[in-house]
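Here is a protein chain to look at.

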Amino acid sequence: MDVFFEKLIRRKRTTKDYLIVATVIYIALMVSFIGLMIPLLRGFILLMSCICVYFVVKRTYIEYEYTLTNNELDIDIIVGKKNRRRLFTANCKDFEMFGRIEHSKYNEVKTIEKKILAIVSKDSKGIYFAVLQFEGARTLLLFQPDERMVEHITKCIPKKVLKD
């Protein structure tokens, strides 16, 4: 029987995102102010400043889509509700371990250098971790699957699931 689950989550804007937006707005205001002194380019500079701010703000809107098809987990990143690219693909059977970040084993693996963070925020509830070899390196994956996905992954790899 084929299994197909999907979940879409929106990442909360971080302090870094707000700082980038504030900096771009500040620069746009400065450029617009200078543009007001040049009568021929006034409208063009104001328009370009607004467009620049719009696109920067839009790029801070990030969503992650989890797709679990049979044993294959795909994670896509969607930027600005428009640009989609594949962030991660792996077979659940390749997981070395899988569990909630509240588990004591997470403290041992959280120092892994290569990380894939596909979560709303670091202080969200329901965050799971998986450790696996991905693109030639040991990788720590943090994501927020729904209960149906967790149940299916648990059925696929019962010996590798860390129970609380």
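Q: Which exposed residues sit on the face of α2 turned away from its buried side?
A: F44 and R59 are the exposed residues carried there. Exposed means over 50% relative accessible area, buried means under 20%, and partly exposed is in between (1.4 Å probe, protein chains only).

Q: What kind of model is this, and what are its ground rules?
A: This is a predicted model: local features need pLDDT of at least 70, side-chain atom pairs count only at pLDDT 80 or more, and totals for chains, interfaces and linings use all residues. Residues are numbered from 1 along each chain as its sequence is written, and side-chain values use heavy atoms, with hydrogens and water left out.

Q: What makes a stretch count as a helix or a strand?
A: Both are DSSP runs, numbered from the N terminus: helices are H or I with at least four residues, and strands are E with at least two. By that rule the protein chain comes to 4 helices and 8 strands. Along the sequence, their pattern is β-α-α-β-β-β-β-α-β-β-β-α.

Q: Why is the protein chain called more spread out than a compact globule?
A: Its radius of gyration is 21 Å. The globule rule gives 15 Å for 164 residues, and 21 Å is well over that, so the chain is more spread out than a compact globule. The radius is taken over C-alpha atoms, and the rule is 2.2 Å times the number of residues to the power 0.38. Along its principal axes, the C-alpha trace spans about 70 × 35 × 30 Å.

Q: How do you know what share of the protein chain is buried?
A: Apply the burial cut-off to the 164 residues: 43% count as buried. The protein chain exposes about 10,300 Å², with carbon and sulfur atoms supplying 61% of it. Accessible areas come from the Shrake-Rupley method with a 1.4 Å probe; for residues, only the protein chains shown count as cover.

Q: How do you know that the span of α2 is close to the expected one?
A: The expected span of a helix is 1.5 Å times one less than its number of residues. Helix α2 (residues 42-59) has 18 residues, and 26 Å is expected. From its first C-alpha to its last, α2 reaches 26 Å.

Q: What puts the buried residues of α2 on the same side?
A: The buried residues are I45, S49 and V53. They cover an arc of only 70° around the axis, so they are on the same side of α2. The arc is that of the directions from the helix axis to the C-beta atoms. Among what covers them is α1 (15-35). Contact means heavy atoms within 4.5 Å.

Q: What about α1: which of its residues are buried?
A: They are D17, V21, V24, A28, S32 and G35. Their arc is only 70° around the axis, which puts them on the same side of α1. What covers them includes α2. The face turned away carries exposed residues, including T15, K16 and Y18. Helix α1 has 21 residues and reaches 30 Å, close to the 30 Å expected.

Q: What makes the buried residues of α4 one side of the helix?
A: In α4 (residues 147-156), M149, V150, H152, I153 and C156 are buried. They cover an arc of only 165° around the axis, and therefore lie on the same side of α4. Strands β1, β2, β5, β7 and β8 are among what covers them. E147 and K155 are exposed on the face turned away.

Q: Why is E6 called partly exposed?
A: Its relative accessible area is 42%, so it falls in the partly exposed range. E6 is in strand β1. Leaving aside neighbours within four places in sequence, its contacts include E65, Y66 and M149. The C-alpha atoms of E6 and M149 are 8.5 Å apart, though 143 residues separate them along the chain.

Q: How do you know that C156 is in no disulfide?
A: A disulfide is a pair of cysteine sulfur atoms within 2.5 Å. The structure holds 0 disulfides. For C156, the nearest cysteine sulfur is that of C92, 5.5 Å away. C156 is buried, with a relative accessible area of 17%.
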